[in-house]
Amino acid sequence: MSAFLSYLLNGLAVGCAIALIASGLVVIHRVTGVVNFAQGTFAVVAGLCASSLLGMGLPHGLSEVAAVLAGAVAGLLTGLAAIGRRGTSPLSALIVTLGVGVLAYAVEIVLWGDQPRSAPGLAGSVTIAGARIQTQHLLVICVTAATFVLIALFFGRTYLGKALTACASNPYAARVVGIDTRRMGLLAFAIGGLLGGLAGVLITPLRPISFDTDVTLIVNGFAAAVFGALTRPVITLIGALLLGVAETMAAGYGYGSHQLEVALGLMILVMIVQASRRSTIHEETV
Amino acid sequence: MIDVTDLVVSYGTATALDHVTLSVRQGEMVALLGPNGAGKSTLANTLAGILAPVSGTVRIGGRLALIPEGRQLFPDMSVADNLALGGWRSGQRDPSAVYELLPRLAELAGRRAGVLSGGEQQMVAFGRAMMARPEALVVDELSLGLAPTVTADLAAHLAELNREHGLTVLLIEQNARLAFELCHRAYVLESGRLVAEGESAELAEDPRVASAYLGGAIT
């Protein structure tokens with residue numbers, strides 16, 4: 001029982017990291033209509049930055065914040081490449097984000113080499129109801145919960161957040177009232193970078209990160225985001241938590257080498273179900 | 001207030017507006033008539049700065065707001081949020097002045113815009129445009145899909161704003177009766193070209209205009 005609880009808690013922590021990646025995908029997709037395949041790259045950039053800054057002797061806190069901001073800058077640069085030119089279609093922008101992801105490999109290898117790097121996180125562990133959980137895992141859960149609350153407040157309560165939502169809801173109407181939808185798209189990419197960066201900084205102490213870790217991250221993040229139809233943050237969070245728990249259980253009960261397959265299998269299943277549901281709705285309205 | 005000279009706008013190879021010249025003076029209320037596909041909404045979007053002209057000039061002498069065709073609200077947001085976003089350009093977020101003008105909107109403030117009736121939605125679109133504190137207002141199809149009493153109510157508000165606050169109005173309409181009633185002057189646009197212009201009274205007498213837009217002789 002305590003093993004089960006332990007897998008559950010650790011799975012929730014893994015799910016939270018996936019949720020941060022996925023929420024970045026959702027924010028960018030909602031505002032710009034672009035599926036950003038460079039989302040995992042933001043986490044890798046931030047994780048590697050954190051590892052370097054801490055290695056240089058910068059204190060905790062400052063290093064992590066700087067690394068998350070590096071993720072936001074990476075997001076903004078990706079946004080400039082993907083939607084910087086007026087009239088770029090979401091499909092073309094998607095291809096550009098794939099290109100950015102590949103280019104980032106080269107840059108990361110030049111800067112950090114191709115070996116995995118780690119960073120010290122919160123040491124130690126706590127025992128909850130007989131189950132041991134690493135303190136860093138608890139930190140991931142708390143930070144993710146706080147981030148989701150902040151995102152909800154930002155989009156639901158602030159004027160700027162509502163303007164971003166307006167771009168997602170009706171881009172033409174947003175332009176009618178004078179909102180610069182391109183600039184809002186760039187802001188969404190920066191927020192996506194911030195969220196990806198946060199995920200990277202949080203997971204680097206748990207599992208070493210290298211230039212190609214983005215594949216695992218984007219596959220998991222995309223699976224969760226697709227669960228939320230790329231638009232609904234709360235469903236995405238639920239999807240990410242389910243995925244994290246399913247993967248950790250699979251690993252815990254002896255299928256450790258098949259974590260990615262679990263994510264891929266679930267993603268394809270969800271995509272097939274979503275696609276058939278959408279076409280049914282479409283047929284009903286026609 | 002609105003000066004359009006020799007304007008050409010196209011979508012790819014299709015020309016939507018072909019050398020259009022028109023003007024609306026400050027405080028004037030002018031109608032633009034035309035059938036579907038004439039290029040009326042293209043003109044509205046060009047005036048609002050959403051579409052870029054291929055050639056020609058558009059000069060606007062003050063702040064301009066657009067009530068777009070089909071209301072174009074943010075359906076999942078509340079009426080209050082829709083109004084607040086209307087003030088994006090002007091920086092005005094407090095809708096109390098608009099509530100004073102359209103008291104019904106104050107009652108609807110907390111409702112989701114998407115669930116309102118057509119007439120209520122048009123009122124929100126009207127209010128949202130007024131949040132921009134415009135000196136000129138372009139109204140694209142005020143009456144489309146609305147009951148006559150609702151249209152009359154909105155038209156009365158529009159006329160009042162024009163009369164008492166000097167709001168310049170370009171009213172784009174398919175309903176020529178309404179347009180001639182509200183505006184003293186009108187333009188007729190067909191297939192991207194202006195085919196007639198003049199005083200509303202004269203245009204209403206014009207047999208071509210009368211047969212195309214008024215369903216025969218005016219009674």
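In which loop of chain B is Glu141(B) found? Glu141(B) sits in the loop between strand S6 (136-140) and helix H6 (148-165) of chain B. Helices (H or I, at least four residues) and strands (E, at least two) are DSSP runs, numbered from the N terminus. The model is predicted: local features need pLDDT of at least 70, side-chain atom pairs count only at pLDDT 80 or more, and totals for chains, interfaces and linings use all residues. Residues are numbered from 1 along each chain as its sequence is written, chains are lettered from A in the order in which they are written, and side-chain values use heavy atoms, with hydrogens and water left out.

Glu141(B) is not a glycine, yet its phi is positive, about 65°. Most residues other than glycine have a negative phi. Glu141(B) has a relative accessible area of 3% and is therefore buried (under 20% relative accessible area; exposed is over 50%, partly exposed in between; 1.4 Å probe, protein chains only). Arg71(B), also a residue other than glycine, has a positive phi near 60°. Arg71(B) belongs to the loop between strand S5 (64-67) and helix H2 (79-86) of chain B. Its relative accessible area is 12%, so Arg71(B) is buried.

Glu205(B) lies in helix H8 (residues 200-205) of chain B. Glu205(B) counts as exposed because its relative accessibility is 65%. Between Glu205(B) and Arg128(B) there are 77 residues in sequence and 36 Å in space, C-alpha to C-alpha.

Chains A and B meet in an interface. The contact (heavy atoms within 4.5 Å) takes 17 residues from chain A and 18 residues from chain B. The two chains bury about 1700 Å² between them, 65% of it on carbon and sulfur atoms. Buried area is the accessible area (1.4 Å probe) that two parts lose on being put together, summed over both. Tyr159(A), Tyr172(A) and Val177(A) supply 41% of the area that chain A buries against chain B, more than any other three residues.

One salt bridge is counted between the chains (a side-chain nitrogen of Lys or Arg within 4 Å of a carboxyl oxygen of Asp or Glu). It joins the side chains of Lys162(A) and Asp81(B), at 2.8 Å, N to O. Helix H6 (159-169) and helix H7 (171-176) of chain A each supply at least two residues of the side that touches chain B. H6(A) gives the largest share, 7 residues.
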